[in-house]
Amino acid sequence: MNGWMTTLLVIAQWLVALFVLALLIGAVAIVVMYVIDKRQTRHTIRRNFPVIGRFRYLFEHLGEFFRQYFYAMDREEMPFNRAQRSWVYRAAKNADRTLAFGSTRDLTKNGTIIFANSAYPHQEEDKTQPEPVTIGADCAQPYSPTSYFHISGMSYGALSPVAVTALSKGAKLAGCWMNTGEGGLSPYHLKGECDIVFQIGTAKYGVRTASGELHEEKLRDIAGNKHVKMFEIKLSQGAKPGKGGILPGIKVNAEIAEIRGIPEGQDSISPNRHPEIRNNDELLDFIARVRTITGKPTGIKFVMGEPNWIDELVATIKKRGEASAPDFITLDSADGGTGSAPQPLMDYVGLKLSESLPMLVDKLAAAGLKERIRIVASGKMITPADVAWALAIGADFVVSARGFMFSLGCIQAMQCNKNTCPTGITTHDKSLQRGLDPADKSVRVANYHKYLEYGVNIIAHSCGVSDPRQLNRRHARVVTHTGDSISLAERYPPAN
Ligand code: SF4
């Protein structure tokens, strides 16, 4: 036998030996798992079906991804279906956003929104830039953003530094504001030099004393930053109304501790309401305090629960004078998103925007406060049609978090509450962040914003108006249980 034949035989013998060894290890592992599964008492399936029962957990985990890529139809998935996400991805990449053949949308489903085109559409060449709307006209420093679509609150800490940087630079390119979320103002929010809305959550991160009260000096310092244009006091948030939260000590590194004003490495509790705000008078007192210190428009954010509360708030404002009103209200939808929330709150608490927005608009209009208090609508609006609907109902501005996350490349893997976000957006794992290039993604953020507003303009022009804010309830219809549509003006008649 020659030399190479001998070598081949030795390799074959090794492979056979390795194979037998692998089989032996596999057999031993199965026996060990069998014994463990039989003896444990926590999992019925594994106890009844040792070893095989374990596949259930694997398939349950993988099912999320299989459904998304293989089985779910274009318009089936939650929270955002493939058709919605694809539109955002194409807009962000400045790719072709036209489709062939015809709509795949079910136009007979109860609740479907349809816009009513005019016999005489507004001509493209007559197009006008929407008039800026001023917020807090009586403040020392009012704010008049030119855009009506902006980036909703996302905290540094929940988002990675590269994601926040990309959003900040993208917002600057797009000419829109970026809300800090309740996690304080980080250097990454400021990197793009965009307009900033500073959110004050119940823990007052970034503007708190050691015991969690408002630190007036810190607030004054932040207001002194020329990029910070407004302050938003968060009362509640769509995905978890009435819930505070714990920021585990493991996430509180030196940088986050410094930005938020809390001790490094210790758990930090967000109360479920601002300790000093127990009623409407105290709410208006706190708004006045923030507005006086900052000189800038100050508003509130909440998800509507009991609608009568709005009537009571309006009555208190009327009693104290219109100057006491919040300069804006950000109305969040109960189906808003978050990095982490308990399912009972996510699924069952608060009103959806489709119900609460018309109510809020009508209650403020009836009280003569619609011009005084600007309305910012928030919650699952990521396409031009969503935004056009909100403007037609009466919102002055629309904000989105998840639309902008998709523009950064989010694939809806829904692991934002773990540290494993595969796209580097919500993870602090440096190896995963490496894939997100802020320079490239900031352009995508700006593209998404540009084509979203372009799409809203197309709808407005089709309905015969030049400015999207001229859209009103007569321009849109909603499909009812009969499969036919009625005008939004009929569905939500004005209160006065
Ligand atoms: S890719 Fe997944 S984990 Fe990352 S931000 Fe999107 S939904 Fe969250």
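Mentor: Let's start with strand S4 (residues 195-200), which is mostly covered: six of its six residues are buried. Buried means that 20 or more other C-beta atoms, placed from the backbone, lie within 10 Å of the residue's own. Strands are DSSP runs of E with at least two residues, helices are runs of H or I with at least four, and both are numbered from the N terminus.

Trainee: Before we go on, what kind of model is this?

Mentor: This is a predicted model: local features need pLDDT of at least 70, side-chain atom pairs count only at pLDDT 80 or more, and totals for chains, interfaces and linings use all residues. Residues are numbered from 1 along each chain as its sequence is written.

Trainee: Good. Which way do the S4 residues point?

Mentor: Asp195, Val197 and Gln199 point one way, while Ile196, Phe198 and Ile200 point the other way, and all are buried. In a regular strand, side chains alternate between the two faces of the sheet.

Trainee: Which strands does S4 pair with, and in what sense?

Mentor: Strand S3 (residues 177-179) pairs with S4 in the parallel sense over three bridges, and Trp177 has Asp195 as its bridge partner in S4. S4 also pairs in the parallel sense with strand S5 (residues 228-234), over five bridges. There, Gln199 stands opposite Glu232 in S5. Pairing here requires that DSSP finds at least two bridges between the strands.

Trainee: And how does the chain get from S4 to S5?

Mentor: The chain crosses through helix H7 (residues 216-223), and this β-α-β crossover is right-handed. That is, with the strands pointing away from the viewer, the path from the first strand over the helix to the second runs clockwise.

Trainee: Switching topic: what is the strand order in the open sheet with S1?

Mentor: That open sheet has three strands in the order S1-S12-S13, with antiparallel pairing. Its edge strands, S1 (113-115) and S13 (485-487), each pair on one side only. S1 pairs with strand S12 (residues 476-479) over three bridges, and Ile113 has Val478 as its bridge partner in S12.

Trainee: What surrounds the ligand?

Mentor: There are 13 residues around the ligand, and the closest are Cys410, Ala413, Cys416, Cys421 and Ile425. A residue counts as near if its C-beta atom, placed from the backbone, lies within 6 Å of the molecule.

Trainee: Last one: where does UniProt list a transmembrane region?

Mentor: The unreviewed UniProt entry lists residues 12-36; such annotations may be inferred rather than shown by experiment. In the model, that span is 100% helix and 0% strand, with its end C-alpha atoms 36 Å apart.

Technical notes
A residue is buried if 20 or more other C-beta atoms lie within 10 Å of its own, exposed if 12 or fewer, and partly exposed in between; C-beta atoms are placed from the backbone.
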